[in-house]
Amino acid sequence: FTSKFTDAVLAIDDISSINDVFTIFPNPSNGKLKIRSLTDFGYSKIALYDLNGREVFTKNETIMGTINLDLEHLSKGLYVLKINGESLNLNKKILIE
């Protein structure tokens, strides 16, 4: 089994404007991660994967406003955050220090 993760955004009408309405911070993180959206992207699955492709965190949430993720239980390292929902599909590399 091999997998390749890259930063990707799909299903956004204007991809160039995603950074204006959607942020994931801080990155790198100490395990307290925030997702902030100025646009309602609807109900979505938020999942975090280690570099072996194992899902280590999952949460179902409406993507609007600020969402707090507590990832302090995870080991330090690089992860891939995937958000899949009604109108947003995003992959983002996250570093936990």
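# A walk through the strands

Let us begin with strand 4, residues 43–49: five of its seven residues are buried, so the strand is largely enclosed by the rest of the structure. Buried here means under 20% relative accessible area, with exposed over 50% and partly exposed in between, using a 1.4 Å probe and protein chains only. Strands, like helices, are DSSP runs numbered from the N terminus (E, at least two residues, for strands; H or I, at least four, for helices).

A word on the model before going further. This is a predicted model, in which local features need pLDDT of at least 70 and side-chain atom pairs count only at pLDDT 80 or more, while totals for chains, interfaces and linings use all residues. Residues are numbered from 1 along each chain as its sequence is written, and side-chain values use heavy atoms, leaving out hydrogens and water.

Now for the overall plan. Of its 97 residues, 33% count as buried.

With strand 5 (residues 55–62), strand 4 runs antiparallel and is joined by seven bridges. Here L48 stands opposite F57 in strand 5. Five residues lie between the two strands of this hairpin, where G53 takes a positive phi near 85°. Strand 7 (residues 77–85) also runs antiparallel to strand 4, with six bridges joining them. In that pairing, K45 has N84 of strand 7 as its bridge partner.

Next, look for an open sheet of three strands, in the order 2-3-6 and with antiparallel pairing. Its edge strands are strand 2 (22–25) and strand 6 (65–70), each pairing on one side only. From one strand to the next, the twist averages 15°; axes are lines fitted to C-alpha atoms, for helices over the stretch in contact, and angles run from 0 to 180 degrees between N-to-C directions. Strand 3 (residues 32–37) pairs with strand 6 in the antiparallel sense over six bridges, and L33 stands opposite L69 of strand 6.

The loop between strand 2 and strand 3 holds P26 and P28. A cis peptide bond joins F25 and P26, with omega about -15°. Another cis peptide bond joins N27 and P28, with omega about 15°.

What holds the inside together in terms of side chains? In soluble globular proteins, nonpolar side chains tend to be buried together. A nonpolar core is a set of buried Ala, Val, Leu, Ile, Met, Phe, Trp, Tyr and Cys residues joined through side-chain atoms within 4.5 Å. The largest one here has 20 residues, and F22, I35, L69, L81 and I83 touch the most other members. Strand 2, strand 3, strand 4, strand 6, strand 7 and strand 8 (89–96) each give two or more residues to this core.

Not counting residues up to four places away in sequence, F22 touches residues including I35, F41, I83 and L90, where contact means heavy atoms within 4.5 Å. F22 and F41 are both buried. They form an edge-to-face aromatic pair, 5.8 Å centre to centre with 80° between the planes; rings of Phe, Tyr and Trp (its six-membered ring) pair if their centres lie within 6.5 Å, and planes under 30 degrees apart count as stacked, over 60 as edge-to-face and the rest as tilted. F22 lies in strand 2 and F41 in the loop between strand 3 and strand 4, so the pair ties together parts that are 19 residues apart in sequence.

Notes:
Two strands pair if DSSP finds at least two bridges between them.
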